[in-house]
Amino acid sequence: MKIPKEMNCIEITKPGGPENLLLVKKQTPKPNQDEVLIKVNAAGINRPDIMQREGRYPPPPGASDIPGLEIAGEIVEINASNTRFKLGDKVCALVSGGGYSSYCNAPIQQTLPIPIGLSFVEAAAIPETFFTVWTNVFDRGNLSKQDTILIHGGTSGIGTTAIQLARAFGAKVFTTVGSDEKCMKTKILGAELSINYKKQDFAEEINHYTNKKGVNMILDMIGAEYFDKNLNILSVNGKLVIIAFQGGFEKKLNLLPILTKRLTVTGSTLRPRSPNEKGLIAESLFKKVWPLIEKGVVMPQIYGTYKLEDASKAHTLMESSQHIGKIVLTV
């Protein structure tokens, strides 16, 4: 396949709203050592993309300033002496930037074959969410069979993934969402209890449902706004895993429950980690989750697709929080 010198991509013209995403031409990148160049067919949209567009989440040193953290497509160039991949392989990959483009470099460690039976659009919705959920819920949180987990934002890309994976590995799942329609969707995905936080106090509902026993783990993307309530509903030896701060990251804290209930409060972000660290997550996913995807036990939930040049419309939809699952760009 002949690789063009220039490619289409989305540029952030200045920090601000979705209108600052513009389709432009840029030089097609060359893969660095231990990277592959992927002809992108689809790219997932994620909250960090919005934060980057707003100027609140700059790419790490050395990463592309083009937004986009997950892609699916076909390998067209390889810069590695030892790899299981070959030209023409259909893959999906976690990247540190550059996804909103027609060509994108990806570290080999963070690249995986597309699960059998999945389309490019479905595959592009996997890397960011599945890597994030696996490393936080299973590696850091050590979710076990028969544990009870509360997942905030149950209809987000992270939420729909976490619900399915937690259920697939034998946990009991509770979740919070913003509408009755979303409650129904999360129950279809496997949530035992789904709480509309706009109508109900989730802490009261959890304590009532569990007879004040609480939950073993909470996957939280809200942050400071939910912190006290989260501690209140964790059981003894419970774990609070924080992955984002949509409700802020500063507040006056009451730390007493951490001591009295022997709680663990942890969290992580994925983007700055090294390719080797992300590669370990990729290996775990390939061994333990890819078979579940290929059997249809766990599936990326696609809400809608937009053409690359309509990235601003995709961002507007994500910011509305009306979607259930993932929004994907097609290239």
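This is a predicted model: local features need pLDDT of at least 70, side-chain atom pairs count only at pLDDT 80 or more; totals for chains, interfaces and linings use all residues.
At 55% relative accessibility, Lys 86 counts as exposed, where exposed means over 50% relative accessible area, buried under 20% and partly exposed in between, with a 1.4 Å probe and protein chains only. Residues are numbered from 1 along each chain as its sequence is written, and side-chain values use heavy atoms, with hydrogens and water left out.

What does Lys 86 form a salt bridge with? The partner is Asp 89, and the closest N and O atoms are 3.0 Å apart. By salt bridge I mean a side-chain nitrogen of Lys or Arg within 4 Å of a carboxyl oxygen of Asp or Glu. Asp 89, for its part, is buried, at a relative accessible area of 15%. In general, side chains of opposite charge can pair when their charged atoms come close. Searching the whole structure gives 11 salt bridges.

Let me turn to a second pair. Asp 180 and Lys 199 meet through their side chains in a salt bridge, at 2.6 Å from N to O. Asp 180 belongs to helix H5 (residues 180-189), whereas Lys 199 sits in the loop between strand S10 (193-196) and helix H6 (202-209), so the pair ties together parts that are 19 residues apart in sequence. Helices here are DSSP runs of H or I with at least four residues, strands are runs of E with at least two, and both are numbered from the N terminus. Asp 180 is partly exposed, with a relative accessible area of 40%, and Lys 199 is exposed at 60% relative accessibility.

Lys 229 is partly exposed at 33%, and Asp 201 is partly exposed at 25% relative accessibility. Elsewhere, salt bridges that share partners join Arg 53, Glu 54, Arg 56 and Glu 319 into one network.

Finally, a word on helix H3. Of the 14 residues in H3 (residues 127-140), 12 are buried, among them Glu 128, Phe 131 and Trp 134. After H3 comes Asn 142, with a positive phi near 55°.
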